[in-house]
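Below is a set of questions and answers for someone meeting this structure for the first time. Each answer sets a value against the rule that gives it its name.

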Amino acid sequence: MAPPVADTAVESMDHPAPLKAPRGTGVMIRLDDIARRTKDNKEILIVFANKVYDLTKWAKFHPGGDLAVLHMNGRDATDAIIAYHPEWVMDKKMPHFCVGELAPSERSSSSKVSIGYRQLDEKIRKLGLYNTNYSYFIRELLKFVVLFVVGVYLVLRHPNVYGVLGSALSFATLWWQAAFYAHDAGHSGITHDRWTDTVMGICLGNYVGGLSVGWWKKNHNVHHIITNHPEHDPDIQHMPFMAVTSKLMHNLYSTYYKRVMEFDAVARVMIPIQHYTFYILLAFGRFNLYANSFAYLLSKDRVPHRWLELGGLVVFWTWYPMLLSTLKAQPGLIVMHVLVSHMFTVILHVQITLSHFGMDTSEVEGESFAEMALRTTMDVDCPRYMDWFHGGLQFQVVHHMFPRVPRHNLRTIVPLVKEFAREHGLTYHSYKFIKGNWVVLQCLAKVADEVRESMQAAMDKIDAEKNK
């Protein structure tokens with residue numbers, strides 16, 4: 001069942017939406033026709049402000065990846081489009097794909113939550129909270145330069161245990177903090193120009209950090225569109241090592257990885273103890289990201305900026321080994337640098353998983369975009385002086401609702417979103433950092449118990465049949 005189709009509330013707001021499509025005007029399309037044509041993704045049709053858009057041929061060129069579009073196929077995508085796209089896309093790009101309008105009898109009123117969400121978005125725009133304070137991001141870049149220089153200096157001038165340890169911690173902090181900047185850039189949340197932000201993200205992510213920003217964007221955009229869905233959201237698909245829901249016991253098919261997530265022998269060992277191994281596994285998370293980056297960039301799929309990104313990985317895997325090669329007389333120091341610099345970034349992986357691992361993984365029919373964000377995401381309640389530590393990830397509820405808002409404005413929006421949630425009877429999940437970790441661990445322990453019980457029941461059944 002598709003969500004209610006957006007009414008003309010969008011068109012009555014100050015926010016510019018494509019009110020008059022140059023194509024498709026006067027062509028009436030029924031919902032059952034959309035359902036028939038989009039069955040098995042034969043065609044890709046989405047609804048925005050009561051107009052129907054055919055993205056069948058264009059989806060593979062979507063900057064956010066084709067899967068983000070496919071998950072909205074046959075559905076009302078009004079709120080998601082407002083959230084993820086700048087005004088020029090709705091004004092100038094989308095009208096070219098308009099193929100008709102919903103028949104008047106097919107137009108149902110938007111939910112109060114959706115209307116309230118659009119009004120809140122408009123309020124945020126009028127308050128100037130989509131505007132970027134460039135001095136903030138310049139200071140961040142200067143911080144990265146200092147961390148890089150310190151990391152190199154300590155290895156070259158102090159090639160001893162203390163110098164190498166300091167260098168490793170400096171690089172770990174650089175990669176941890178630069179990930180926040182690359183995250184901002186991936187959402188076009190800095191200059192709001194896709195090309196400029198993409199290049200900045202690649203410079204930091206690929207050239208400095210050795211990770212593919214393109215892989216992250218493809219993964220992350222799907223995560224935002226279909227948050228915490230066991231079959232669709234790659235951010236919670238970590239079989240056979242972790243499972244945030246016992247549904248993953250049932251060999252679900254991942255639409256992102258295009259394979260069955262088997263509950264195999266490894267899963268039978270790891271899932272029942274996942275609440276004990278959680279932080280250990282996260283400490284090795286960066287090594288997994290290296291593998292994912294190369295797999296994505298060397299795949300046969302369409303990869304935007306493939307050579308620019310591959311060039312970045314080549315540069316990273318040139319400068320970093322060259323730096324460590326200066327310690328070749330003391331191989332133990334090389335090992336220490338690699339392990340400390342990579343495993344200290346566990347802080348980042350904890351912050352990433354904290355937002356969703358302890359939240360609901362149900363599929364709710366007819367749920368609006370804002371309702372999904374509030375149901376599947378938690379914030380971290382922290383004082384302002386700790387904002388540098390969390391890098392915007394402490395405001396993930398706000399970020400999921402308004403992903404293009406610059407990081408430095410998220411705290412200002414928190415009271416507005418809390419008020420919005422109260423008005424519509426929705427829960428705004430926010431916990432202190434330690435409590436948030438406990439919520440995640442409790443979720444993992446609950447799933448572990450369910451898996452153990454299920455496995456024991458299966459064994460008891462086998463034993464009973466043998467004794468017959």
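This is a predicted model: local features need pLDDT of at least 70, side-chain atom pairs count only at pLDDT 80 or more; totals for chains, interfaces and linings use all residues.

Q: Why is Cys 382 called buried?
A: Buried means under 20% relative accessible area. Cys 382 has 9% relative accessibility, so Cys 382 counts as buried.

Q: What makes Cys 443 buried?
A: The cut-off is again under 20%. Cys 443 comes to 14% relative accessibility and is therefore buried.

Q: How many disulfides are there by the distance rule?
A: A disulfide needs a pair of cysteine sulfur atoms within 2.5 Å. By this rule the count is zero.

Q: How many salt bridges does the structure hold?
A: The structure holds 18 salt bridges. Side chains of opposite charge can pair when their charged atoms come close.

Q: Why is the pair Asp 301 and Lys 218 called a salt bridge?
A: The rule asks for a side-chain nitrogen of Lys or Arg within 4 Å of a carboxyl oxygen of Asp or Glu. For Asp 301 and Lys 218 the N to O distance is 3.7 Å, so the pair meets the rule.

Q: What makes Asp 301 and Lys 218 a link between distant parts of the chain?
A: The two are 83 residues apart. Asp 301 is in the loop between helix H13 (285–297) and helix H14 (306–325), while Lys 218 is in helix H10 (residues 213–225).

Q: Why is Asp 301 called partly exposed?
A: Partly exposed lies between the buried limit, under 20%, and the exposed limit, over 50%. Asp 301 has a relative accessible area of 42%, and is therefore partly exposed.

Q: How do you know that Asp 381 and Lys 432 form a salt bridge?
A: Their side chains meet at 3.5 Å, N to O, and the limit is within 4 Å, so the pair counts.

Q: Where do Asp 381 and Lys 432 lie in the chain?
A: Asp 381 is in the loop between strand E7 (379–380) and helix H18 (387–390). Lys 432 is in the loop between strand E8 (430–431) and helix H21 (433–466). The two are 51 residues apart, and the pair links distant parts of the chain.

Q: Are Asp 381 and Lys 432 buried, partly exposed or exposed?
A: Asp 381 has a relative accessible area of 37%, so Asp 381 is partly exposed.

Q: Which residues are linked with Asp 33 in a network of salt bridges?
A: Arg 36, Arg 37 and Glu 43 are linked with Asp 33 in that network.

Q: Why is helix H12 called oblique to helix H16?
A: Helix H12 (residues 274–283) and helix H16 (residues 346–354) pack at an angle of about 125 degrees, with their axes 8 Å apart. Roughly perpendicular covers 65 to 115 degrees and roughly antiparallel is over 145, so this angle makes H12 oblique to H16. The crossing of H12 and H16 is right-handed.

Q: Which residues of H12 and H16 meet?
A: Phe 278, Tyr 279, Leu 282 and Ala 283 in H12 meet Val 346, His 349, Val 350 and Thr 353 in H16. Among the buried residues of H12 are Phe 278, Leu 282 and Ala 283.

Q: What makes helix H8 roughly perpendicular to helix H10?
A: Helix H8 (residues 161–186) and H10 pack at about 65 degrees, with their axes 11 Å apart. The range for roughly perpendicular is 65 to 115, so H8 is roughly perpendicular to H10. Ala 182, His 183 and Gly 186 in H8 meet Trp 216, Lys 217 and His 220 in H10.

Notes:
Residues are numbered from 1 along each chain as its sequence is written. Side-chain values use heavy atoms; hydrogens and water are left out. Buried means under 20% relative accessible area, exposed over 50%, partly exposed in between (1.4 Å probe, protein chains only). Helices (H or I, at least four residues) and strands (E, at least two) are DSSP runs, numbered from the N terminus. Axes are lines fitted to C-alpha atoms, for helices over the stretch in contact, and angles run from 0 to 180 degrees between N-to-C directions. Angles under 35 degrees count as roughly parallel, over 145 as roughly antiparallel, 65 to 115 as roughly perpendicular and the rest as oblique. A crossing is left-handed if the near helix is turned anticlockwise from the far one by less than a right angle, and right-handed if clockwise. Contact means heavy atoms within 4.5 Å.
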